[in-house]
Amino acid sequence: MEHLKQADAVVHQAVLDEESRQLGQLEMIASENFASPAVREAMGTVFTHKYAEGLPGRRYYGGCEFADRVEDLARSRAVELFGADHANVQPHSGAQANMAAYFAFLQPGDGIVGMNLSHGGHLTHGSPVNFSGRLFRVAAYGVRESDGRIDFDMVRETVRRERPKLIVTGASAYPRALDFRTFGEIAAEVGAVHVVDLAHLAGLVAAGCHPSPVEHADVVTTTTHKTLRGPRGGLVMCREAHARIIDKMVFPFIQGGPLMHVIAAKAVALGEALSPAFREYGGNVVRNARVLARTLVERGVRLVSGGTDTHLMLVDLRDRDLTGKDAERALERGGITVNKNTVPGETRSPFVTSGLRIGTPALTTRGMGPDEMTRIGGWIADILDRPRDDTLITRTRARTTELCAAFPLFR
């Protein structure tokens with residue numbers, strides 16, 4: 001980074017500081033991961049200079065021969081990886097991928113049904129502070145209080161009552177496997193479009209560690225980071241019948257020129273996800289999550305639904321004198337990065353919360369396994385038991401630093 005160092009010392013130092021933070025802390029935010037050196041190299045290429053509005057073979061600018069090559073490669077790899085009919089790799093984010101999917105079938109004021117945000121849903125599934133909640137008529141489903149699992153009786157009742165035009169399946173803080181088939185059947189009962197937001201689960205589906213939604217959905221959206229371990233960005237896949245309208249909703253309806261350097265990196269990441277090594281990685285992510293969850297439960301930590309089938313778990317702190325905000329801060333002081341999160345039945349502000357979301361994708365990328373998860377689970381439980389014990393937190397920080405050194409990241 002010599003050019004950056006000479007041109008802007010402040011930004012250069014911020015990059016170095018962030019690299020040190022990532023190297024020296026246990027990254028356990030469920031939505032974060034570490035891209036490979038090849039993905040990061042693709043992000044920094046000369047494709048960042050190129051305007052390529054339109055689609056391969058149908059651009060509004062000249063000089064797109066090589067942009068077409070990498071975008072076609074990314075599209076074909078996405079189709080192969082997920083078994084979809086069609087893929088659009090241009091969305092800048094998962095939120096924009098969802099926006100494209102919604103506007104392909106909806107007009108403002110139309111009805112949608114999605115998962116309640118405090119029960120594990122996502123902002124773009126109908127939150128009133130998001131475009132989805134402001135532009136569409138929203139009804140929400142959630143989880144049973146008794147076991148923290150999706151209540152399909154509630155889903156059916158809500159859908160039959162509201163008769164929405166679109167049902168969105170997916171979550172950002174739901175630790176159990178999603179039953180895409182049943183959601184698809186419920187959507188079909190009322191003639192609703194079924195959109196699956198696969199953002200958190202994409203890598204697990206790609207690795208064969210979670211059932212695929214493709215045959216049960218009209219449209220599947222995802223981010224390309226998280227468990228898929230690519231650059232930050234979005235992706236839309238759909239049935240062939242919807243390909244034309246989906247492409248039009250991405251461009252020109254919601255965004256302009258695609259980020260060709262990001263698309264090049266998506267192509268690399270999708271290629272990596274087609275490898276046997278990635279299938280092994282996905283299995284390790286789930287195995288690590290189960291070990292970590294079991295360790296926490298054995299230490300008396302309360303988990304929503306009692307455990308996990310995926311890459312994440314949701315800690316319910318309401319049985320303790322501790323908020324999600326305070327727990328997040330205490331763990332970060334100990335070198336463990338998680339995020340505060342709402343829990344089903346939440347009564348606190350989203351800025352405070354009564355829970356924590358914890359995930360294993362990033363630590364699995366570093367090569368950590370069940371033994372490390374057991375140790376880390378014990379450290380987390382210790383700090384949750386004694387969040388104001390400075391001696392304990394200092395000792396834990398020394399242990400996390402030592403563990404990070406044993407599993408170097410940027411190799």
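Glutamate 71 is found in helix H4, where helices (H or I, at least four residues) and strands (E, at least two) are DSSP runs numbered from the N terminus. At 0% relative accessibility, glutamate 71 counts as buried. Buried means under 20% relative accessible area, exposed means over 50%, and partly exposed lies in between (1.4 Å probe, protein chains only). Leaving aside neighbours within four places in sequence, glutamate 71 is in contact with Leu55, Pro56, Arg59, Val89, Gln90, Met260 and Ile263; contact means heavy atoms within 4.5 Å.

The model is predicted: local features need pLDDT of at least 70, side-chain atom pairs count only at pLDDT 80 or more, and totals for chains, interfaces and linings use all residues. Residues are numbered from 1 along each chain as its sequence is written, and side-chain values use heavy atoms, with hydrogens and water left out.

Helix H4 covers residues 65–82 and also holds phenylalanine 66. Phenylalanine 66 is partly exposed, with a relative accessible area of 44%. Phenylalanine 47 lies 19 residues away from phenylalanine 66 along the chain, and the C-alpha atoms of the two are separated by 9.0 Å.

Next comes helix H5. H5 (residues 94–103) is mostly covered, with seven of its ten residues buried. These are Gly94, Ala97, Asn98, Ala100, Ala101, Tyr102 and Phe103. They pack against helix H6 (131–135), S7, strand S8 (193–197), strand S9 (219–223), strand S10 (234–238) and helix H10 (243–254). At the start of H5, a side-chain oxygen of serine 93 reaches to within 3.4 Å of the backbone nitrogen of alanine 95. Such a polar contact is a pair of N or O atoms within 3.5 Å; within protein, one must be able to donate a hydrogen and the other to accept it, and residues adjacent in sequence count only if both atoms are side-chain atoms.

In helix H7 (residues 152–162), the buried residues are Phe152, Val155, Thr158 and Val159. Seen down the axis of H7, they fall within an arc of 125 degrees, so they line one face of the helix. The arc is that of the directions from the helix axis to the C-beta atoms. The face turned away from the buried side carries the exposed residues Asp153 and Glu157. The buried residues of H7 pack against strand S5 (111–115), strand S6 (137–141), strand S7 (166–169) and helix H8 (180–189). At the N-terminal end, aspartate 151 caps H7, with a side-chain oxygen 3.1 Å from the backbone nitrogen of aspartate 153. Just after H7, arginine 163 takes a positive phi of about 50 degrees.

Valine 155, one of the buried residues of H7, is in contact with Tyr141, Ile150, Phe183 and Ile186, leaving aside its neighbours within four places in sequence. Which residues touch the most other members of the largest nonpolar core? In this core of 60 residues, they are Phe82, Ile150, Val155, Leu198 and Leu228. Helix H11 (residues 260–273) gives the most to this core, with eight residues. Apart from it lies another core, of 34 residues, among them Leu26, Val291, Leu303 and Val315. A nonpolar core is a set of buried Ala, Val, Leu, Ile, Met, Phe, Trp, Tyr and Cys residues joined through side-chain atoms within 4.5 Å.

In H16, Leu392, Ile393, Thr396, Thr400, Leu403 and Cys404 are buried. They cover an arc of only 100 degrees around the axis, which puts them on the same side of H16. On the other side, Thr391, Thr394, Glu402, Ala405 and Ala406 are exposed. What covers the buried residues includes helix H2 (9–24), strand S1 (26–27), helix H13 (324–333), strand S12 (336–337) and helix H15 (370–385). At the start of H16, a side-chain oxygen of aspartate 389 reaches to within 3.1 Å of the backbone nitrogen of threonine 391.

The structure holds zero disulfides, a disulfide being a pair of cysteine sulfur atoms within 2.5 Å. Cysteine 64 is buried, with a relative accessible area of 7%, whereas cysteine 209 counts as partly exposed at 27% relative accessibility.
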